[in-house]
Amino acid sequence: TKRYVAVVSGVPQPPEGLIDLPLEREIPLEMKRVVSPDGERAVTEYKVLATAPDKSCALVGFILHTGRTHQIRAHLAYLGKPVLGDIKYGNHKMNERTGLKTQALCAQRLTFGRIPEENTLQYLSGRVIKLNDPEIVKTYERLTAEK
């Protein structure tokens, strides 16, 4: 299970839900993904954790049900609520206004399922790796304190 947290431009509506939109490469040899009926299934669960008083940004938690390249970033961009600081999918004006030069998105918790004994990564079976105080939360607090 992969859980992420991000600061996004605006506030997703409704405040929690499931984004089930297929993704494919925008141009065959590029990494950028776009929502397309011909793409692979991509499912992102989200929940707004906090909202800036002026609604300019929100802290959002995510659970990935599939693992497509750039899944969270592409889904949010499609919904018009891109990750702040994202130069590939983001809102350039908002990035300039906030001063963010890197995407405000990080993995917060990874939970490993059962891994067969013959696998060299078996020692990770059932383990949880958790980032207790992600820098992204501090970024959100800094951005909203200025409002």
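The side chains of Asp20 and Arg41 meet in a salt bridge, with 2.6 Å from N to O. A salt bridge here is a side-chain nitrogen of Lys or Arg within 4 Å of a carboxyl oxygen of Asp or Glu. Asp20 belongs to strand E2 and Arg41 to the loop between strand E4 (33-35) and E5, so the contact ties together parts that are 21 residues apart in sequence. The model is predicted: local features need pLDDT of at least 70 and side-chain atom pairs count only at pLDDT 80 or more, while totals for chains, interfaces and linings use all residues. Residues are numbered from 1 along each chain as its sequence is written, and side-chain values use heavy atoms, with hydrogens and water left out.

How accessible are the two partners? Asp20 is partly exposed, with a relative accessible area of 38%, whereas Arg41 is exposed, at 54%. The classes are buried for under 20% relative accessible area, exposed for over 50%, and partly exposed in between, with a 1.4 Å probe and protein chains only.

The structure holds 4 salt bridges. Side chains of opposite charge can pair when their charged atoms come close. Another of these contacts joins the side chains of Glu40 and Arg68, at 3.9 Å from N to O. This pair links distant parts of the chain, 28 residues apart: Glu40 sits in the loop between E4 and E5, and Arg68 in the loop between E6 and helix H1 (71-78). Glu40 counts as partly exposed at 48% relative accessibility, and Arg68 is partly exposed at 29%. A further salt bridge connects Asp133 with Lys138, whose closest N and O atoms are 3.6 Å apart. Asp133 is partly exposed at 48%, and Lys138 is partly exposed at 36%.

The strands named above also take part in pairing. Helices (H or I, at least four residues) and strands (E, at least two) are DSSP runs, numbered from the N terminus. Two strands pair if DSSP finds at least two bridges between them. Strand E2 (residues 16-20) runs antiparallel to strand E5 (residues 43-51), and 5 bridges join them. Within this pairing, Glu16 has Lys47 in E5 as its bridge partner.

On E5 there is also a pairing with strand E6 (residues 57-64), again antiparallel, through 7 bridges. Thr51 stands opposite Ala58 in E6. The hairpin of E5 and E6 has 5 residues between the strands, and in it Lys55 takes a positive phi near 65°.
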